[in-house]
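Try each task before you read its solution.

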Amino acid sequence: MADKKIRVLVAKPGLDGHDRGAKVVARALRDAGMEVIYTGLRQTPEMIAEAALQEDVDVVGLSVLSGAHMALAPRIMELLRANGQTDVKVFIGGIIPDEDLSRLKEMGVAGVYGPGASTEDIIRDIKESFAG
Amino acid sequence: MTTTQEILNGNRLALAKLLTKIENNAPEGQSALIELFAHTGKAHLIGVTGAPGTGKSSLVNQLALHYRKTENKKIAILAVDPSSPFTGGAVLGDRVRMRDLSGDANVYIRSMATRGSLGGLAQSTANMTQAFDAAGFDIIIIETVGAGQSEVDIAKLAHTTLVVEAPGLGDDIQAIKAGILEIADILVVNKADRPGVENTEKALKAMLELAHPTERIFRHHGSTMRTVAPAQKASASLTWIPPIKRTVSTEGTGIAELVESIAKHAEHLRISGDWAVRDRTRLQVELEALIQSSLMNRFREDVSEKKYNEVLEKISQRNLSPYEAVKLLMNGRLK
């Protein structure tokens, strides 16, 4: 009687202190039946990768509003891979300029969401990334 | 290398994946546990329970920090939070209070949702602590919200159970209600810098004086059994009376004293022989739960879904009582 749930780490790397968005997403994913591990503010990439490993999550959701996403995201992806978590999908939400989108996608980021993105879209994308 | 070998060698990714398999009740988890079982039985299991908002996670954070600083022990933390009964989802937020522990390779924090399973939760929690135990963690802290029977069951897993209270949460009537206070080996009044701490402590003291748990009652094969009755105890010094410890976990106040009490309790368990009793009781509970679930599985194999539904239909029609139905189903005399 296997009982598999999608486990998601919602983390806020870097120094900005606005976690309303991260909490809204965490709550929405919970209501979609996922298990969300929330880490709190001001996490270093090392802390996030360590938490992702210990919790054996399927998804890492990053909330970055500081503009530092092009520094933080690649470092986190690198650490996840170094730890052997090659299957983990990374999603990013926050203030992400359009010109960074393609570079983030190239890095292997599974989805990017800016202001006004709907939580339904995020839920659908996460679920689809595990379908088939 | 096999999973078992990797876990024994301290591979964290292998441990992380095994914990998931155990939680998901996957067959690979079971086979790994069979191989790992011989390596268990060494860790000190500490249960931490109490009402929401009493500061359990912060306290666990401080305990782990203290153990790391003073004793160089490997610490595992299993933080259990509730799943939504409606959607099955959960937000697990205990790590927020444990950020001081990150970056230490000898601390492993795992969050776990209750997944609404009756009885099954205690089982998977027990199995996860076994995985930690085999992986060489010296101290395993299990943190649960003390809100129901399943949490009490989880606390029973532990060698030492801390019940965390905080000022201003209830009067002395709350303290004498049956439930989680009875399972306490150590009572912690956290947030002791808040007003009302004397009253909380007084209420707990009064509760202990009314009836401190000098004997433990547990169920064995469906009948209620008592462990050693007070009069039969060799000497009063073998009776453990739960101490009450004040802490302020945001500042680390009282943590050293609490750790000392935990060590004393472990020593008491070893001297009085209760360590072995508790170990045996825990394994017995586990064995009985497994027997129950495998009998249930065997029953499902023997009785087809169709037959089962036919019987259920007869019961709904009031043509058969549930008691008669059980007799029919169990004896295989069902047409």
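**Exercise 1. Find the residue of chain B that stands opposite A:Val36.**

Solution. Keep in mind that this is a predicted model.
- Start at A:Val36 and look across to β3(B), where B:Val91 stands opposite.
- Now widen the view to the strands: β2 of chain A, residues 35-38, pairs with β3(B) over three bridges.
- The sense of this pairing is parallel.

**Exercise 2. Work out how helices and strands follow one another in chain A.**

Solution. 
- Count the elements: chain A has five strands and five helices.
- Then trace the chain from the N terminus, which gives β-α-β-α-β-α-β-α-β-α.

**Exercise 3. Why does the radius of gyration of chain A agree with that of a compact globule?**

Solution. 
- For 132 residues, a compact globule would have a radius near 14 Å, and chain A has 14 Å, so the two agree.
- Along the principal axes, the C-alpha atoms of chain A fill a box of roughly 45 × 35 × 30 Å.
- Look inside: 45% of the 132 residues in chain A are buried.
- Finally, take the contacts in chain A with a separation of 6 or more: 74% of them join residues 24 or more positions apart.

Key
Residues numbered from 1 in each chain as written. Chains lettered and ligands numbered in written order. Predicted model: local features only at pLDDT ≥ 70, side-chain atom pairs only at ≥ 80, totals over all residues. Helix = DSSP H or I, 4+ residues; strand = E, 2+ residues; numbered from the N terminus. Rg over C-alpha atoms; globule rule 2.2 N^0.38 Å. Buried ≥ 20, exposed ≤ 12 C-beta atoms within 10 Å, placed from the backbone. Contact = placed C-beta atoms within 7 Å. Pairing = 2+ DSSP bridges.
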